[in-house]
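Below is a briefing on a structure and its packing, with particular attention to one chain. Please look at the sequence and the model before reading the points.

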Amino acid sequence: MIPLSYYLVLSALLFVLGTIAFFIKKDLITQFLAIEVMLSAGNLVFIAFAKAMGTIDGQIIVFFIITVAAAEAAVGLAIILLVYRKKKSIRSEDMNIMKG
Amino acid sequence: MTDIFWLIPFIPGLSTFILAVFGNKLPKKYISFQACTAVFASFVISVISFIGLRQTPHEAYPLVKKLLSWIHVGNFQADLALQFDPLTAVMTLVVTLVGFLIHVYSVGYMSEDKSYARFFTEMNLFTFSMLILVMASNLVLMFVGWEGVGLCSYLLIGFWYEKHSAANAGNKAFIVNRIGDAGFLLGILFIIINIGSTEFAAISEAVGNGALSQSMITLIAILLFVGATGKSAQIPLYVWLPDAMEGPTPVSALIHAATMVTAGVYMVARMNVFYTLSHSAANIVALIGAITAIFAATMALTQNDIKRVLAYSTISQIGYMFIGCGVGAYAAGMFHLYTHAFFKSLLFLAAGSVMHALSGELNMQKMGGLRKYLPHTYLTFLIGAIAISGVPFLSGFFSKDAILTSAFANGQYFVWGLGLGGAILTAFYMFRLIFLTFHGKERLAPEVKKHVHESPKIMTVPLMILAFFSIIAGYIGLPVVFGKNLNWFSRFLEPVIYQAHGEAHLSLGTEWILILLSVAVALFGIFMAHVFYIRKPGIPHSLVARFPWAYKLLYNKYYVDEIYNAVVVNPMIRGSEIVYQHFDLKVIDGAVNGSAKSAGFFGRILSTFQSGLIKDYALIFLLGAIILIGYLVF
């Protein structure tokens with residue numbers, strides 16, 4: 001039996017890695033992947049707690065999150081595609097038309 | 001039947017509303033029909049109310065109808081309440097009857113104008129305001145009507161606002177009136193402070209019972225009279241009226257001759273208790289009236305503009321009304337107001353008919369011999385001129401004589417003398433006008449002459465009706481020499497005039513002498529005009545050549561406008577210019593622009609945070625999340 005804290009440490013590591021990747025990477029797709037990693041870290045915490053508590057609620061929430069994440073990935077990729085068509089670039093530094 | 005009198009002002013009011021909202025979409029025929037009918041309906045109700053008033057016992061005066069509770073502050077209350085008493089009855093009958101005839105005349109006169117609906121809207125609005133003014137049962141509501149007629153006067157003087165001079169004349173009338181209104185308003189405030197009510201009945205009672213000190217009565221009386229000099233064009237605030245002739249002629253007839261300009265006389269007569277109790281204020285009123293009467297008459301002598309002569313004549317005649325009020329003969333003053341409304345509106349409308357025939361020509365030096373082209377206009381104009389000159393058995397004779405006799409009877413010989421002098425001049429300048437316009441050689445411009453035509457029936461019929469009234473209107477106020485108690489008019493007004501002391505009476509012999517004197521004076525004036533302008537037309541020129549300074553002085557109206565400009569208007573403009581340059585541009589604009597600039601400055605600093613880069617936003621988001629978590633954990 002693996003203690004709960006292992007899961008939590010792994011999850012925290014994943015989340016921090018995702019965050020760092022988001023900030024140091026320059027193209028939108030990699031940043032998008034980094035966000036997905038952070039999302040998975042969150043999922044992992046849910047499942048770990050569900051198992052430790054012996055309830056099923058956390059697992060159900062994770063199913064919902066995965067479903068929503070699939071839809072979100074589709075929309076996100078579509079946006080990135082459209083941005084590329086418009087600007088011929090997927091570097092996030094180029095997207096600054098909202099500068100004040 | 002008497003309690004329907006409150007409808008009198010509201011019928012033209014309703015008509016104004018309809019015309020103001022739908023006027024541009026309605027056909028011309030309907031507009032004129034509605035505008036005239038509304039005023040006529042008011043006239044009919046006035047007659048009914050008048051008959052009802054005659055059957056009401058004097059103790060019930062004034063009939064008051066409270067429509068709405070309006071201002072209620074502390075102990076002070078002013079309601080939307082109308083009243084009907086003899087003084088109001090005279091005014092409503094005059095305003096609605098003369099107003100109706102002038103509305104009908106306007107249908108013909110204004111038929112070609114493109115702003116037809118606007119004209120009748122404003123005329124109806126004027127009628128409404130004027131009726132509110134004369135029917136209000138308290139000073140505050142009266143002031144509303146007072147300002148309402150001032151507004152309509154401004155709008156109608158500037159009716160042809162594309163003309164620069166007309167727009168300026170409207171401004172001048174409005175601004176000069178404001179000066180008088182300031183005095184009037186102060187008077188009202190003093191009354192509120194000292195009496196606590198502005199209901200006319202309450203004021204008369206309080207002042208009559210000695211609620212005010214003598215000096216306060218005099219102060220209020222003078223302040224109210226300042227308001228009257230503005231509205232009624234008396235010295236020193238008369239300068240706006242001659243310029244007001246820029247408006248359409250029916251407007252001059254209705255507002256600047258028959259009704260609005262007499263509002264000051266009505267107000268003084270309404271507040272008669274103050275002037276009866278304060279001799280010094282009454283003397284000022286009489287003196288100002290007398291000086292204005294003769295001063296304006298001299299200015300009328302040399303004017304060549306037909307409407308300006310009539311304007312100065314109006315100023316002069318209102319002076320007579322104030323003489324009447326100032327010497328305590330309020331009934332005589334109101335009587336002259338009533339007869340003057342007929343013959344002066346007649347003269348103006350006839351002058352309008354002449355202008356209509358001559359394609360807008362106003363200069364009398366370019367007229368002459370019009371008698372045979374405009375027979376109806378000539379005849380009615382002549383009747384009006386005879387009536388105003390004071391020739392016996394026409395209305396003007398009775399009323400002017402009543403005023404002069406009262407002045408004499410009250411021992412105001414100086415005022416009486418000025419009035420008599422003014423009467424000579426009145427007869428002279430009126431017949432100068434007649435002779436130059438209708439008699440003598442034709443001096444018409446050839447292209448004008450081709451179009452000379454008598455005015456249509458819709459214009460001449462009102463002229464004839466007014467001429468009829470100019471002849472007979474005086475017979476309700478016969479002087480005492482024709483028999484006792486024939487002065488029905490003065491007895492009718494008695495209940496509203498505060499009586500402090502018995503009226504001064506003259507012996508019958510003196511009365512006869514005074515009457516014969518004023519007849520002689522009138523005939524002498526006409527005779528002189530005949531000599532000057534028909535028999536020996538060279539006299540005026542030789543007089544001008546002999547006394548060029550006198551002619552210049554009169555022709556330039558004593559340079560009063562120039563003096564006012566130099567003393568009041570220009571310093572004001574220059575002062576405003578300085579304030580504009582230094583205060584408005586620097587302080588006010590500086591503050592406004594400064595606040596805008598500082599907002600822009602801070603905005604620019606803050607806008608650097610809005611980089612548009614998603615990473616920056618995410619970083620701030622992350623920092624926020626860390627701070628929030630840190631706060632929750634520790």
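This is a predicted model: local features need pLDDT of at least 70, side-chain atom pairs count only at pLDDT 80 or more; totals for chains, interfaces and linings use all residues.

Residues are numbered from 1 along each chain as its sequence is written, and chains are lettered from A and ligands numbered from 1 in the order in which they are written.

**Chain B overall**

- Chain B has 26 helices and two strands; these are DSSP runs numbered from the N terminus, with helices being H or I of at least four residues and strands E of at least two.
- Along the principal axes, the C-alpha atoms of chain B fill a box of roughly 115 × 65 × 50 Å.
- Of the 634 residues in chain B, 50% are buried. A residue is buried if 20 or more other C-beta atoms lie within 10 Å of its own, exposed if 12 or fewer, and partly exposed in between, with C-beta atoms placed from the backbone.
- Among contacts in chain B between residues at least 6 apart in sequence, 81% join residues at least 24 apart. A contact requires the C-beta atoms of two residues, placed from the backbone, to lie within 7 Å.

**Helix pairs**

- Two packed helices are described by the angle between their axes and the distance between the axes. Axes are lines fitted to C-alpha atoms, for helices over the stretch in contact, and angles run from 0 to 180 degrees between N-to-C directions.
- Helix α1 (residues 7-22) of chain B and helix α2 (residues 28-55) of chain B have axes that come within 8 Å and cross at roughly 170°. This makes α1(B) roughly antiparallel to α2(B); angles under 35 degrees count as roughly parallel, over 145 as roughly antiparallel, 65 to 115 as roughly perpendicular and the rest as oblique.
- The contact of α1(B) with α2(B) has twelve nonpolar, four polar and no charged residues. Ala, Val, Leu, Ile, Met, Phe, Trp, Tyr, Cys and Pro count as nonpolar, Asp, Glu, Lys and Arg as charged, and the others, Gly among them, as polar.
- The residues of α1(B) in this contact include B:Leu7, B:Ile11 and B:Ile18, and those of α2(B) include B:Ile31, B:Val39 and B:Ile45.
- Helix α8 (residues 214-231) of chain B packs with helix α11 (residues 263-270) of chain B at an angle of about 160°, the axes being 7 Å apart. The two helices, α8(B) and α11(B), are therefore roughly antiparallel to each other.
- Six nonpolar, three polar and one charged residue make up the contact of α8(B) with α11(B). On the α8(B) side are B:Leu224, B:Phe225, B:Gly227, B:Ala228, B:Thr229 and B:Lys231, which meet B:Ala263, B:Gly264, B:Met267 and B:Val268 in α11(B).

- Helix α14 (residues 306-326) of chain B has 21 residues and reaches 30 Å from its first C-alpha to its last, close to the 30 Å expected at 1.5 Å a residue; the expected span is 1.5 Å times one less than the number of residues.
- In α14(B), 20 of the 21 residues are buried.
- B:Gly328, which follows α14(B), has a positive phi near 90°.
- B:Ala385 is in helix α16 (residues 375-389) of chain B and is buried, with 29 other C-beta atoms within 10 Å.
- Not counting residues up to four places away in sequence, B:Ala385 touches B:Leu347, B:Met430, B:Phe431 and B:Ile434.

**Strands**

- Strand β1 (residues 63-73) of chain B and strand β2 (residues 76-84) of chain B pair in the antiparallel sense over nine bridges; pairing requires DSSP to find at least two bridges between two strands.
- β1(B) and β2(B) form a hairpin with two residues between them, and B:Gly74 in the turn has a positive phi of about 60°.
- B:Val73 stands opposite B:Phe76 in β2(B).

**Backbone exceptions**

- Most residues other than glycine have a negative phi, and most peptide bonds are trans.
- A cis peptide bond, with omega about 5°, joins B:Ile235 and B:Pro236. B:Pro236 is in the loop between α8 and α9 (240-243) of chain B.
- B:Ser359 is not a glycine, yet has a positive phi of about 55°. B:Ser359 lies in the loop between α15 (330-357) and α16 of chain B and is exposed, with 12 other C-beta atoms within 10 Å.
- B:Phe393 has a positive phi near 75° and lies in the loop between α16 and α17 (395-409) of chain B.

**Contact between chains**

- Eleven residues from chain A and ten residues from chain B take part in the contact. The side of chain A that touches chain B has five nonpolar, four polar and two charged residues.
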